[in-house]
Amino acid sequence: MSRAGDRAGPVTGVRVDRTAWNAVRVDVRARNNVVVTGNESGPVLVLAHGFGCDQNLWRLVVPLLAERFRVVLFDHVGAGRSDLSAWTRERHSSLRGYTDDVLTLLRELDLRDVVFVGHSVSAMMGVLAVAEEPERFAKLVLLTPSPRYLDDGDYRGGFSAEDIDELLTSLDSNYLGWSATMAPVIMDNPDRPELGAELADLFCGTDPHIASVFARVTFLSDNREDLAAVTVPTLVVECARDAIAPTGVGAYVQSRIAGSTLVTLDAVGHCPQLSDPEITAEAIIAFAAPR
């Protein structure tokens with residue numbers, strides 16, 4: 001398998017050539033390392049991981065969901081066991097590129113009435129995907145989402161411009177060191193250091209160049225205006241304490257998606273599916289299971 005190609009081009013202002021990409025039938029099972037498990041006759045639940053991770057981050061909630069749902073797991077291009085040769089800077093320098101990947105996956109697998117669970121940056125991919133093809137989705141779950149990480153006037157995303165610059169500079173100069181430092185901060189469970197160590201290992205398994213581009217996609221995007229376009233039932237799930245998506249961001253997201261519901265988990269950190277899988281699964285099941 002070849003490494004990431006086509007590394008020229010700007011990180012921002014990218015237009016995705018969807019016609020060229022979709023002209024060739026894509027083997028999404030190989031491209032995105034798709035795994036399908038659970039109840040074959042149950043509602044379709046698609047789990048999308050966040051920055052620096054892969055589908056393995058869901059492993060503790062999958063057994064809790066599999067009895068009721070047909071669970072679809074995948075790795076974003078450039079992550080985990082995805083086909084790294086499918087990654088291009090042109091396509092994957094924007095959330096739209098990743099969103100097109102998600103929609104291509106759903107189309108090629110002929111998945112409909114999907115409950116899409118997006119963690120962290122994948123929450124905004126879910127927002128964009130639902131806005132583009134709402135007929136393909138039944139519900140949307142946004143797990144520790146943030147539409148903008150940068151503070152902006154009265155909006156508090158949790159990071160100043162200086163914070164983001166320092167984060168990205170550190171990532172570029174010493175990715176392994178950045179991973180070892182940031183993973184425990186993101187997990188925020190100091191009494192359970194093994195969780196931070198696992199996240200650091202996932203970060204370290206990502207190509208540093210791909211991680212650098214994806215970090216800019218994650219931390220520099222602004223999707224606040226996109227929230228109003230969501231028209232399917234939506235659950236916003238935040239943690240009681242989260243250094244990456246602080247308290248207040250969840251309420252902001254909920255207030256801008258009509259009819260959405262906000263749940264605050266009695267959990268700490270940005271990855272409750274790993275630190276608190278039982279209550280995370282309970283929140284998803286309560287919202288997504290058929291009445």
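Colleague: Which helix holds Ile285, and what makes a run of residues a helix?
Modeller: Ile285 lies in helix H12, which covers residues 277-288. Helices are DSSP runs of H or I with at least four residues, strands are runs of E with at least two, and both are numbered from the N terminus. This is a predicted model, in which local features need pLDDT of at least 70, side-chain atom pairs count only at pLDDT 80 or more, and totals for chains, interfaces and linings use all residues. Residues are numbered from 1 along each chain as its sequence is written, and side-chain values use heavy atoms, with hydrogens and water left out.

Colleague: Why is Ile285 called buried?
Modeller: The relative accessibility of Ile285 is 16%. Buried means under 20% relative accessible area, exposed means over 50%, and partly exposed lies in between (1.4 Å probe, protein chains only). The value of 16% is under 20%, and Ile285 therefore counts as buried. The C-alpha atoms of Ile285 and Phe69 are separated by 9.0 Å, although the two residues are 216 residues apart along the chain.

Colleague: What makes Val213 a buried residue, and where is Val213 found?
Modeller: Val213 is found in helix H9, residues 208-220. Its relative accessible area is 2%, so Val213 is buried. The C-alpha atoms of Val213 and Ala30, 183 residues apart along the chain, are separated by 22 Å.

Colleague: How do you know that the chain as a whole agrees with a compact globule?
Modeller: The radius of gyration is taken over C-alpha atoms, and the globule rule is 2.2 Å times the number of residues to the power 0.38. With 291 residues, that rule gives a value near 19 Å, and the protein chain has 18 Å, which agrees. The C-alpha trace spans about 50 × 45 × 35 Å along its principal axes. Buried residues make up 58% of the 291 residues, and the chain has twelve helices and seven strands.

Colleague: What makes the contact of Arg91 and Asp101 a salt bridge?
Modeller: A salt bridge is a side-chain nitrogen of Lys or Arg within 4 Å of a carboxyl oxygen of Asp or Glu. The side chains of Arg91 and Asp101 meet at 2.9 Å, N to O, and the pair therefore qualifies. It links distant parts of the chain, ten residues apart: Arg91 is in the loop between strand S3 (70-73) and H4, and Asp101 is in helix H4. Arg91, at 5% relative accessible area, is buried, and Asp101, at 3%, also counts as buried.

Colleague: How do you know that Arg107 and Glu133 form a salt bridge, and is each of them buried or partly exposed?
Modeller: Their side chains meet at 2.5 Å, N to O, which is within the limit for a salt bridge. Arg107 is in helix H4 and Glu133 is in the loop between H5 and strand S5 (137-143), 26 residues apart. Arg107 has a relative accessible area of 32% and is therefore partly exposed, whereas Glu133, at 10%, is buried.

Colleague: Why is the pair of Arg216 and Asp172 said to tie together parts of the chain?
Modeller: The side chains of Arg216 and Asp172 meet in a salt bridge of 2.6 Å, N to O. Arg216 lies in helix H9 and Asp172 in helix H6, so the pair ties together parts that are 44 residues apart in sequence. Asp172 is partly exposed, with a relative accessible area of 43%. The structure holds 13 salt bridges, and Arg148, Asp152, Asp222 and Arg224 are linked in a network of such bridges.

Colleague: What is the phi of Asp110 and of Ser120, and is each of them buried or partly exposed?
Modeller: Phi of Asp110 is near 55°, a positive value in a residue other than glycine. Ser120 has a positive phi of about 55° although it is not a glycine. Asp110 is found in the loop between helix H4 (95-108) and strand S4 (114-119), and its relative accessibility of 49% makes it partly exposed. Ser120 lies in the loop between S4 and helix H5 (121-132), and at 6% it counts as buried.

Colleague: Why is Glu162 called exposed, and where is it found?
Modeller: Glu162 is found in helix H6, residues 161-173. Its relative accessibility is 56%, which is over 50%, and Glu162 therefore counts as exposed.
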